[in-house]
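Let's take a walk through this fold together.

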Amino acid sequence: MNGKIMILRAGDSALNELYKLNNVEVLLWGLLLSVYTHSGEVSFNVKDMESGQKSRIDLSFEHGESTCEILSKVQKVINKPLTSYRFYNAENGFGDFMYGHFEHDETGLSLALDRCEEDEAEGIGVLLETLARQIVKDPNMPLSKLKRVDGSNESRVLEESQGEELVYDIGKTWIDFFREWVRKCPDDMAIWAGNGTLTYARLDEASDSLAAYLLDRGVKENDFIALMTGRVKEYMIGVAGIHKAGCAFVPIDISYPQKRIDYMLEDSDAKLVLTQEIIEEAVKTKTGSINRAVPDGLAYMIYTSGSTGKPKGAMIAHSSLTNFTMSMIKNIGIKRADRVSSHRAFSFDAHIEDFFPTLCSGASVYIMPEEIRRDTSMIIDFMNKHKITGGGFTTSVGKLLINDNRLPLRYLTCGGEALNGVIAGSEMTIINKYGPTECTDNSTFFILQPGVSYNAVPIGRPLQNTECYVVDSFGKLLPLGLPGELCVSGVQVGNGYYKRKELTDSVFVKCPFHHGERMYHTGDIARYGNDRLLYYLGRKDTQVKLNGYRIELGEIEAACMQCKGVKEAVAVISQFGAAKHLVLYYTVSDQTGPDENSLKAHTQSSGIAEYMYPEIYVKLDTMPRLPNGKVDRRNLPIPEFSNKIKGIKPATAMETAFLSAAREFINDTDFGVTDDLFDLGMKSLTAMRFISRINSLPFHDEFRVTDIMHYRNIRALIEGSRRIFYNYGEYDPGKPLLVFVYGIAPVAGTLKMFEIFNSKFNIFVIEATDAHYNILFKDADYADVNDMYLAILENHLPGDHKKIDGFMGFSWGGLLSFTLASAWKDKTGQEPFVMMGDTDLNKAIGRSEPEYVDISDFPENLYEMTNGAITQLEVVNKLNMADRLNCTVKSIPVYEGKVIFLSAGRTETGSVFSDPDAYKVHDKKLKTLKKYAPDSHVYDFPEHTHNDLFYDSSMFGRYLELVTLF
C-alpha cells in the first residue's frame with residue numbers, strides 16, 4: 001500500500017508542542033530509520049523541495065543525546081520551517097520503502113511513504129506517535145530511553161508475544177515420562193538402528209546399567225560426558241544413561257576434524273568419553289533402577305559456531321528439555337503407533353526432536369544410517385521400507401521431500417532456514433519451526449494450511465510457555481508489524497555458554513517485560529504480522545545460516561588468519577544466480593603469502609567443520625574500505641569463474657536437460673557439461689536437490705548423490721554411471737519377460753510404453769548403443785555388439801527367470817532385437833517373438849560405405865519439437881553410428897519365430913502409397929522382411945510416420961494388444 005500514516009491529529013495539544021521543535025521531523029525519520037537498520041547510528045538525505053538541494057544527515061542515538069541536543073546539531077545543516085523539507089531519501093533504502101515525506105494539513109501531521117505493508121504502516125504510526133508524545137513531554141530525555149510503544153498498544157504487544165500455556169508436572173524430567181511408557185509397553189520397539197533394535201524395557205534396563213557404570217567412575221551432578229558413538233542404537237542408551245547418572249551429554253560427531261574434537265573435549269571439561277564399544281561393555285552388567293535427573297539439572301551442551309574463532313557450548317537444563325518435549329508432543333500429535341525417522345546429525349540440537357517427544361509418547365525412533373541420510377532417493381526408500389510416519393529435517397532437505405508423493409509420512413517438520421516455495425497437501429502435515437540452540441532447539445512453530453500458497457512461510461507463534469518479543473537496537477519493545485531483533489523468554493531459554501560469562505551476560509539478560517525470567521537475544525530479525533504470526537527476516541550480524549547450518553563467519557576468518565602469510569581474511573555469503581555460496585576474500589603480507597590451494601588446505605585442516613569450508617577463495621591486493629576504516633563487504637568483487645570454465649555445450653538431450661537443472665542450483669555463469677560442479681559451488685545439500693531434480697526428468701536413470709560426488713560434472717555423470725542394461729519396475733517372477741533394445745529412439749519417447757507394458761511383462765532394457773558406444777564399441781563391428789548384448793542376457797537376467805518370451809525394438813533397435821532373438825534361439829532353443837517398429841533390414845544388407853548425414857538435415861528446433869527428447873547433434877550421432885555398424889553386418893539370419901511388424905504408412909510429406917519412390921522402399925522393406933522372417937505378421941499404421949510409431953503414446957496400448965496375441 002501507499003499513502004498517509006497519521007501521527008498526531010489536528011487539535012491534539014502534543015501536535016502544537018511538536019511544531020515548536022524546529023526540524024523535529026528529521027529526528028522522527030532518523031528514529032524510524034534506526035528501527036529498520038537495527039542501529040543507533042543512521043545516515044540519510046533530506047531534500048529541499050523548493051531548491052532541490054540535498055543535505056546529508058548523520059544521527060547518533062547511542063550516547064545519551066536528547067531531542068534538544070540532536071536538533072541543535074541538525075540546525076547547523078538545515079534550518080527552515082517543518083514543511084519546507086518534504087522529501088527524505090534513506091541512503092541505502094530500508095523496509096519495503098525508500099522514500100517518504102511528512103505532511104502537515106488540516107487533519108494533522110502524517111507521514112507519506114511510497115509503499116508499505118498495511119500492518120507495517122500501522123506499526124509505524126504507533127511508533128511515531130509514541131515517540132512524538134514523549135519528545136514533547138520531555139525534550140531533554142535521552143532518546144535511547146524513550147519507549148517505542150506504550151499504553152494499550154504495549155499491552156496488546158505483550159499479549160501477542162505470549163505463547164499458549166501448557167500444564168504438565170514440572171517436577172518431572174523426560175526420564176519420568178519415558179518410564180511411564182516402559183511400564184505400559186515394555187516390549188514395544190523404542191529404537192531401530194542399522195546395528196539392531198531396543199525395546200522400551202531394554203533401553204530402560206541398559207541405560208540403568210550405563211548410569212551405574214558412570215557413577216562407579218565418580219561422576220558428579222551436572223558433569224559433562226562426551227558421547228561419540230555414530231548413528232547406532234547405543235547413542236540413546238548413552239543419552240539416557242548419562243541423564244540417569246545426573247550428568248549432561250555433549251554429542252560429538254565422529255566425522256569432525258580431530259582438532260575440533262580435541263578442542264570440544266578440552267573446553268567442555270568432559271569427565272568421560274563414551275564410545276559405542278564402551279557402552280556395549282558397560283550394559284552387560286545388570287543393575288537396579290537409577291534416576292538422578294532433576295528439572296534444574298543440566299541435560300546437554302551443544303557446541304555452536306563462535307565469533308572469536310572457537311565454538312561455544314550452549315547449556316540446556318532438563319526443565320527446558322521437558323517443556324520442549326511436552327510442547328512438541330502436543331503440536332505434532334505424536335501417538336504410540338508412530339514411527340519417527342531420525343535424520344539430523346546428533347551434533348546439532350535439532351536432533352532432540354527425533355528422540356525425546358517420541359520416547360515420551362510410546363512411539364519408535366528409526367535412526368537413519370549415515371550412508372542413507374545424504375541421498376534423497378535412499379531417504380525415501382528408507383521411509384517407505386520402514387513405514388515411517390513422521391520426522392524432522394533441515395529446510396533444504398525437507399523441501400525436497402515435501403512434494404514427493406512417494407512418502408508415507410503423516411507429518412514432517414522443517415527448520416534451520418527460511419521455508420518458501422512449498423504448498424502443503426492434505427495428506428501430510430507440514431510444520432515450520434524456528435529456534436536457536438540456546439533456546440532448546442525450538443521457540444516458535446507454524447502448521448501450514450493445506451493448499452495455501454505462502455509468499456513467505458511464517459515461523460508462527462511462540463512455543464508453549466514461551467514468550468517471543470521483537471525489540472529495537474536499544475532493547476525497547478516495538479509495535480506489532482515492525483522488524484526488530486527477536487528475543488526469547490521463558491522456560492525454553494538455556495543456561496548460557498559454558499565458561500563464557502561475559503558473552504553469556506551480554507545475550508542472556510533479565511527480561512524487562514516479564515519479571516523473574518531471563519531473555520535471550522537471538523540476533524535474528526523478525527516481525528509480527530497482522531495475522532498474529534512471526535515472520536523471520538534474517539540476521540542482524542555476521543552469523544548466518546547456509547543449508548540449515550549455523551555459521552559464524554568470524555570463526556572461518558579466524559581459522560584462515562592462522563595461516564602464515566595471510567594479512568586479512570573476510571568470509572561472506574554471496575548470492576550468484578539461484579544459489580548462495582560461502583566465499584573467502586583474503587590478502588597476503590608479501591609475495592610469499594599462500595596461494596588458493598595452500599590456504600584451502602590450511603582451512604580444511606584447521607579444525608572447523610566441513611560445512612564451514614569456503615567454496616570459493618578470492619585473493620585481493622587490498623580490501624575495500626568504508627570511511628570509518630571497516631571492510632566494505634558490499635563492495636567485495638564478485639568472484640570470476642571464467643578462467644576455470646570451459647563452457648562445453650551439451651551434445652545430447654539428456655545433457656541439455658541436466659545442464660538446465662544444474663543451473664537452477666548453482667549460479668548463472670555460463671558453465672558447461674564438463675565443468676566441475678563442486679568447483680562452481682555445489683555442496684552436499686545442493687547435490688541432493690540436483691539429484692532429486694534430474695531423477696524427476698523423463699529419463700529412466702536413477703542417480704544418487706554419490707554418483708555426482710564421484711563424477712563431478714554432467715558429462716561424466718551420464719557416461720560414467722550409464723547402465724548398459726537394467727530392469728524396469730519391480731521384478732515379478734510370475735510375469736513373462738520382454739527384452740527391449742534401444743536403437744535411435746529417444747529414451748523419453750518410450751518410458752510411457754514401459755509403464756503400460758509393465759502391467760503384463762517384466763521388462764529388461766538394453767540401452768541405446770550410443771550411450772556407451774565411445775566406451776565399448778568405438779572400433780567394434782555389428783557382430784561385436786550382438787555378442788556383447790547376448791552375453792549380458794546370459795549373465796544378468798534374473799536367476800530364476802532365464803526364459804525370454806519376446807524381443808522388441810524400433811527402427812535400428814528392431815534389427816538388434818531380430819538378430820538377438822535368432823542368436824538366443826541358437827543358444828537356448830527358446831523361440832521368443834520379436835516386435836519390430838518399422839525396421840528396414842535392407843539397410844544392413846550388402847553395405848560397405850556408410851552414408852553419413854549432416855546436422856543441417858534436421859530442423860534447428862528439433863529439441864523443442866520432440867519435447868526435449870532429442871537434439872540435432874544427438875540424432876546425427878545416433879544415425880551415423882548406426883549406419884557405420886550396418887556396414888559391418890556380414891549376414892542376416894533367417895528367423896522362424898513369430899515376428900510382429902509395425903509398418904508406418906506415411907512419410908513426413910504424405911502417404912507412402914501416393915509417392916512412387918516411397919512406395920518402392922516400403923514394398924522392398926516388406927518383401928525383405930518376409931524373406932528373413934517367414935512367420936512375420938505386418939500391422940499397418942497408415943496415419944503414422946516412422947518416428948510417430950515410438951512418439952505417439954496413444955498407440956502403446958495397441959502394441960500391447962498385438963503382443964498378447966502371440
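Start with helix H26 (residues 812-828), which lies across E33, E34, strand E35 (806-810), strand E36 (833-837) and strand E37 (899-904). Its direction runs at about 160 degrees to that of E35. Helices (H or I, at least four residues) and strands (E, at least two) are DSSP runs, numbered from the N terminus. The angles run from 0 to 180 degrees between N-to-C directions, with axes being lines fitted to C-alpha atoms, for helices over the stretch in contact. Contact, here and below, means heavy atoms within 4.5 Å.

Before going on, some ground rules: this is a predicted model, where local features need pLDDT of at least 70 and side-chain atom pairs count only at pLDDT 80 or more, while totals for chains, interfaces and linings use all residues. Residues are numbered from 1 along each chain as its sequence is written, and side-chain values use heavy atoms, with hydrogens and water left out.

The strands belong to an open sheet of seven, in the order E32-E34-E33-E35-E36-E37-E38, and the pairing is mixed. Two strands pair if DSSP finds at least two bridges between them. At the edges you'll find strand E32 (725-728) and strand E38 (936-941), each pairing on one side only. On average, neighbouring strands in this sheet are turned by 20 degrees against each other, direction ignored. Zoom in on strand E33 (residues 737-741) and strand E34 (residues 762-766): they run parallel and are joined by five bridges. Valine 739, for one, stands opposite phenylalanine 764 in E34. Helix H29 (residues 916-932) also lies on this sheet, across E36, E37 and E38, at about 180 degrees to E37.

There's another open sheet to visit. Nine strands make it up, in the order E8-E7-E15-E14-E16-E17-E18-E19-E20, again with mixed pairing. Its edge strands are strand E8 (196-199) and strand E20 (461-462), and each of these pairs on one side only. H11 packs on this sheet, touching E17, E18 and strand E19 (444-447), and its direction makes about 150 degrees with that of E18.

Strand E17 (residues 411-415) and strand E18 (residues 429-434) run parallel, with four bridges between them. Tyrosine 411 has threonine 429 as its bridge partner in E18, and cysteine 414 has asparagine 432. E18 and E19 also pair over four bridges, in the antiparallel sense; there, isoleucine 431 has isoleucine 447 of E19 as its bridge partner. Five of the six residues of E18 are buried, so the strand is largely enclosed by the rest of the structure. Buried means under 20% relative accessible area, exposed means over 50%, and partly exposed is in between (1.4 Å probe, protein chains only). As a reminder for reading any such strand, side chains in a regular strand alternate between the two faces of the sheet.

Follow the chain into the loop between E18 and E19 and you reach glutamate 438. Glutamate 438 counts as buried because its relative accessibility is 0%. So what does its side chain make a polar contact with? The partner is the side chain of tyrosine 497, at 2.6 Å. A polar contact is a pair of N or O atoms within 3.5 Å; within protein, one must be able to donate a hydrogen and the other to accept it, and residues adjacent in sequence count only if both atoms are side-chain atoms.

Back on helix H11 (residues 318-332), find asparagine 323. Asparagine 323 is buried too, because its relative accessibility is 0%. Leaving aside neighbours within four places in sequence, asparagine 323 is in contact with Tyr168, Gln464, Asn465, Thr466, Val491 and Gln492.

For a contrasting spot, go to lysine 147, in the loop between helix H4 (118-137) and helix H5 (151-160). Lysine 147 is partly exposed, with a relative accessible area of 37%. Its side chain joins that of glutamate 154 in a polar contact of 3.3 Å. Beyond four places in sequence, the contacts of lysine 147 are Thr130, Leu131, Gln134 and Glu154.

Last stop, the cysteines. A disulfide is a pair of cysteine sulfur atoms within 2.5 Å, and by this rule the count comes to zero. Cysteine 511 is in none: the nearest cysteine sulfur, in cysteine 487, is 8.5 Å away. For cysteine 563, the closest cysteine sulfur is that of cysteine 560, at 7.9 Å, too far for a bond.
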